[in-house]
Amino acid sequence: MMETDERKVTMTLQIYNTMSRTKENFVPQEPGKVKMYVCGPTVYDYIHIGNARPVIFFDTVRGYLEQTGHEVNYVVNFTDVDDKLIRKAEQLGTDVPHVAEKFIGAYYEDLEGLGIPKASSNPRVTENMPLIIDFIRELVEKDFAYENGGDVYYRTGKFAEYGKLSKQNLQELQFGIRIGVDERKEHPEDFVLWKAAKPGEIFWSSPWGDGRPGWHIECSAMAREYLGDTLDIHGGGQDLQFPHHECECAQSEVLTGKPLANYWMHNGFIRIDNEKMSKSLGNGVLVKDLRNQYKREAIRYFMLSTHYRNPLNFTEDTMEQAQNSVDRIANAVGNLNHRLQAVSVDQAVSAEFAARLEQIRQQYHEKMQDDFNTPDAITALFEWAGEANQLLQQDVVNAADIRALLELFNELNAVLRIYTEAEPELLDEEIERLIEERNEARKSKNWERADEIRDELSAQGILLEDTAQGMRWRRK
């Protein structure tokens, strides 16, 4: 029998670091412990499919790090005050805290619906205002920030390495940043750390007057507070690379004199039917609606079937393909469990069979160690399904072989999670009666009636499978 839980993964994990634009061996600052910060949602609306990609992918990163023996402190923040929340509150006739609570609750519902555990912590901007203000004060004292008219700005030009993450220089950035004319700035590329409150807006008191923080400063302050000066991994969507993460580097590193993160990871964009997803096109897909249409395993499969750094195209066809793929895996698992109940042979797994399973296991880990190559890791699961189906075609099956297959599957699926064991369901009395009637029809060789009942049950979403070990059913 394969003791998969006792085996060690001896390969070296490599991560593509956006900062260096190369794959690097992953070495956490403290052996066996990983500090990971991923930028979370601005909670003014329901999350859409573009938000879901980093949610699912970085949960997979956390899962694999834990599977390989790491303790992961995983922090995902909530931006619970900004212009978007203020506008939403005005639209709904309520206040910013109520908007934030509504959509934080919706975010957690989506997480649960996708089968994703919560992060280690989800710090909110409004609950960390003193440390954000202190962070800005330190920047002002170091002359990297200045106040003008109640606003506080960061002196971008004073940080010599500004642009190192996005590989741009200040001259190029002056043409690339979407900024309006603001005479309060010393230079156009300077960015806001503190915004003076407008009449009627939510505000906090600060040394520069009533106001609220700018977007970039939040993550610098909270990452430092919850994980320390240097993160092992900082993640987010590709759209955050500039200006958000670039500005985080500038803010944090002038205070600490240390890298903000040793490894930067960014996932690619999602397109809808080969078009950019945007509000102007009205082609956004909300996760809460997606969950009503597809199984969470299919959504997860879709997200992980393309390498995280590549763009991902959402269509109905790709989702149907994802659903069919997870059904194929689920059927193999179900057939193995069903067959296991009837086998009588139980002897040691042969060396040849164990070697084939170990090869699949190694394939999975090699791909995950190669910058979390989930598409190829999923391929290992289909190699596993091929072994399962070949075994099930045999007239005599060894119980130990089935258990070895299931143990291997549990290891691979523990991180990919494209299969979830269904809760047992009770058939209602009418369906139970029909199944019993079909069994009697088959005994009396009334094949026509047996087929009629099969079709009737199929119409109600119940599929019957006649196997050598007896009839089994499953829902569509």
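Mentor: Aspartate 83 and arginine 212 form a salt bridge, with their closest N and O atoms 2.5 Å apart; the term denotes a side-chain nitrogen of Lys or Arg within 4 Å of a carboxyl oxygen of Asp or Glu. This pair connects distant parts of the chain, since aspartate 83 belongs to helix H2 (residues 83-92) and arginine 212 to strand S8 (residues 211-213), 129 residues apart. Helices (H or I, at least four residues) and strands (E, at least two) are DSSP runs numbered from the N terminus. Arginine 212 is buried at 4% relative accessibility, whereas aspartate 83 is partly exposed at 29%. Buried means under 20% relative accessible area, exposed over 50%, and partly exposed in between (1.4 Å probe, protein chains only).

The model is predicted, and local features need pLDDT of at least 70, side-chain atom pairs count only at pLDDT 80 or more, and totals for chains, interfaces and linings use all residues. Residues are numbered from 1 along each chain as its sequence is written, and side-chain values use heavy atoms, with hydrogens and water left out.

A second pair joins lysine 164 to glutamate 253, with 2.7 Å between the closest N and O atoms. Lysine 164 lies in the loop between strand S6 (151-154) and helix H5 (170-176), and glutamate 253 in helix H7, 89 residues apart. Lysine 164 is partly exposed, with a relative accessible area of 22%, while glutamate 253 is buried at 11%. Helix H7 spans residues 241-256. The side chain of glutamate 253 also reaches the backbone nitrogen of leucine 260 at 3.0 Å. Setting aside residues up to four places away in sequence, glutamate 253 touches Phe159, Glu161, Lys164, Lys258, Pro259 and Leu260; contact means heavy atoms within 4.5 Å.

Within helix H15 (residues 447-459), arginine 449 and glutamate 452 are about one helical turn apart because they are separated by 3 residues. Their side chains meet in a salt bridge at 3.2 Å, N to O. Arginine 449 is partly exposed at 23%, and glutamate 452 is partly exposed at 39%. The rule counts 35 salt bridges.

As for the domains, the assignment gives domain 1 (14-293), domain 2 (330-416) and domain 3 (429-475); such bounds come from an automatic or database assignment. The centres of domain 1 and domain 2, taken over C-alpha atoms, are 40 Å apart. In this interface, 12 residues of domain 1 are in contact with 11 residues of domain 2. The rule finds 1 salt bridge across it. Lysine 23 and aspartate 370 have side chains that meet in a salt bridge at 2.6 Å, N to O. Strand S1 (14-17) and helix H1 (49-67) each supply at least two residues of the side of domain 1 that touches domain 2. H1 gives the largest share of that side, 6 residues. The residues of that side divide into 6 nonpolar, 5 polar and 1 charged, where Ala, Val, Leu, Ile, Met, Phe, Trp, Tyr, Cys and Pro count as nonpolar, Asp, Glu, Lys and Arg as charged, and the others, Gly among them, as polar.

Note on methods
Polar contact = N/O pair within 3.5 Å; in protein donor to acceptor, adjacent residues only side chain to side chain.
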